[in-house]
Amino acid sequence: SGPLKGSMTDAGNLTEGQQADLQALVDELGAEFVDEVRARRGDRLDASAPIQDGGLFPARRATALGLIDRVGTLEGVLGELATDGEVHFAPASRVG
């Protein structure tokens with residue numbers, strides 16, 4: 001077992017080293033999230049969009065910032081994706 005084993009079970013008893021390790025992990029995952037959003041939203045994303053602050057946005061603001069394309073329903077999206085009356089799910093191809 002490694003030095004982080006059990007460190008997530010009681011946040012009140014983390015050592016400084018464990019806190020630093022976990023913060024580094026959170027920072028890395030946060031950076032990956034931002035990179036992924038920027039890559040997937042592309043030119044649709046407003047450069048000023050606060051994509052890592054954890055905030056919530058009303059639909060109009062999220063659309064204006066390029067965080068979403070539009071507001072719709074699950075049924076509407078499934079209807080758009082349907083071919084031959086069926087929806088085929090497959091993982092997105094990813095590089096990297």
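Glycine 42 follows helix α1, and its phi is positive, near 55 degrees. Helices here are DSSP runs of H or I of at least four residues, numbered from the N terminus. The model is predicted, so local features need pLDDT of at least 70 and side-chain atom pairs count only at pLDDT 80 or more, while totals for chains, interfaces and linings use all residues. Residues are numbered from 1 along each chain as its sequence is written, and side-chain values use heavy atoms, with hydrogens and water left out.

Let me turn to the helix itself. Helix α1 covers residues 16-41, which is 26 residues.

Which residues of α1 are buried? They are Gln18, Leu22, Gly30, Val34, Val37 and Arg41, where buried means under 20% relative accessible area, exposed over 50%, and partly exposed in between, with a 1.4 Å probe and protein chains only.

Arginine 41 counts as buried because its relative accessibility is 13%. Beyond neighbours within four places in sequence, arginine 41 is in contact with Gly66, Leu67, Ile68 and Asp69; contact means heavy atoms within 4.5 Å.

Alanine 31, also in α1, is partly exposed, at 39%. Its C-alpha lies 8.7 Å from that of glutamine 52, 21 residues away in sequence.

Finally, the core. The largest nonpolar core has 6 residues: Val34, Val37, Leu45, Ala49, Ile51 and Leu65. Such a core is a set of buried Ala, Val, Leu, Ile, Met, Phe, Trp, Tyr and Cys residues joined through side-chain atoms within 4.5 Å. Setting aside residues up to four places away in sequence, alanine 49 touches Leu65 and Leu67.

Methods. Helix = DSSP H or I, 4+ residues; strand = E, 2+ residues; numbered from the N terminus. Expected span 1.5 Å × (residues − 1).
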